[in-house]
Amino acid sequence: MIVFLDLEETLIDNWENGWLLPAKIAIIKEMLSEFSPKIGLMSWAVWDDADKAKFNTRLRPELEEALGATFDDDFLWSMDDWAKQLLALHGKRISREDLFDCFGKHEVLFMVSRCHPLFKGEHVVLFDDAVEHCLNWHSHMNDCRVLIQNIDELAKHA
């Protein structure tokens, strides 16, 4: 299982402040405790390697403690990394601005998950505040199942 986490309004208030959102973290922590997933990052706040370094030094230790889980370096992807995956897998050259302006996370995750070897046979979950709740798919190309969870919808029922 692979779990991708958004940052802003899902785990933290915003990129500048980085204040943790305890109620939302508790929901995710409970779900993570039922499995032993690989945990990755799918946050459009993290644009490039410099932002990843900032995440690793400033937010990662506190988030890992709060979640009771460790991020997997193989899945700590910035927007630039997601764009590179789309280029490598589909020959689509997409700037981070295009990712932000033209593609939702579900579209990017769909294109990557159905072809990327790291996703083969995996169950993938994305927790985010700005996605369609319970959107899901199964790609027979890669035998990958994806479920998208809107953290705000989960919080309404917590």
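What follows is a series of stops, each with something to select and a note on what is there.

**Before you click**

This is a predicted model, in which local features need pLDDT of at least 70 and side-chain atom pairs count only at pLDDT 80 or more, while totals for chains, interfaces and linings use all residues. Residues are numbered from 1 along each chain as its sequence is written, and side-chain values use heavy atoms, with hydrogens and water left out.

**Stop 1: colour by confidence**

Start by colouring on pLDDT, the predictor's confidence in each residue, from 0 to 100. The protein averages 92, and 97% of the residues score at least 70. Which element has the lowest mean pLDDT? Among the elements, that is helix 4 (residues 96-102), with a mean of 71, whereas strand 1 (residues 2-5) has the highest, at 98.

**Stop 2: the aromatic rings**

Now show the side chains of Phe, Tyr and Trp. Rings of these residues (for Trp, the six-membered ring) pair if their centres lie within 6.5 Å; planes under 30 degrees apart are called stacked, over 60 edge-to-face, and the rest tilted. The whole structure holds 10 such pairs. Zoom in on Trp 77 and Phe 119, a tilted pair with 6.2 Å from centre to centre and 50 degrees between the planes. Trp 77 sits in strand 3 (residues 71-77) and Phe 119 in the loop between helix 5 (105-113) and strand 4 (123-128), so the pair ties together parts that are 42 residues apart in sequence.

Is Trp 77 buried or exposed? Trp 77 is buried, with a relative accessible area of 6%; buried means under 20%, exposed over 50%, and partly exposed in between, using a 1.4 Å probe and protein chains only. Phe 119 is buried as well. Contact means heavy atoms within 4.5 Å, and leaving aside neighbours within four places in sequence, Trp 77 is in contact with residues including Leu 41, Lys 52, Gln 85 and His 116.

**Stop 3: charges over rings**

Next, select Arg 58 and Trp 15. Arg 58 lies over the face of Trp 15, at 5.3 Å from the ring centre. Here, a charge sits over a ring if NZ of Lys or CZ of Arg is within 6 Å of the ring centre and within 35 degrees of the ring normal. Then hop to Lys 105, which lies over the face of Trp 44 at 5.5 Å from the ring centre.

**Stop 4: a helix with a kink**

Select residues 49-67, which make up helix 2. A straight helix of 19 residues would span 27 Å at 1.5 Å a residue, but helix 2 spans only 23 Å between its end C-alpha atoms; the expected span is 1.5 Å times one less than the number of residues. Where is the kink in helix 2? Look at Leu 59, shortly before the proline Pro 61, for a kink of about 55 degrees. That bend is the angle between axes fitted to the seven residues ending there and the seven starting there. Leu 59 is also among the buried residues of helix 2, along with others including Phe 55 and Leu 63.

**Stop 5: Arg 96 and Asp 80**

Pick Arg 96 in helix 4 and Asp 80 in helix 3 (residues 79-90). They are 16 residues apart in sequence and 6.1 Å apart in space, C-alpha to C-alpha. Arg 96 counts as partly exposed at 22% relative accessibility, and Asp 80 is partly exposed too, at 21%. Not counting residues up to four places away in sequence, Arg 96 touches Trp 47, Asp 48, Met 79 and Asp 80.

**Stop 6: two positive phi angles**

Most residues other than glycine have a negative phi. Select Glu 9, in the loop between strand 1 and helix 1 (22-33), where phi is near 65 degrees. Finish at Asp 143, in the loop between strand 5 (136-139) and strand 6, with a positive phi of about 50 degrees.

Methods:
Helices (H or I, at least four residues) and strands (E, at least two) are DSSP runs, numbered from the N terminus.
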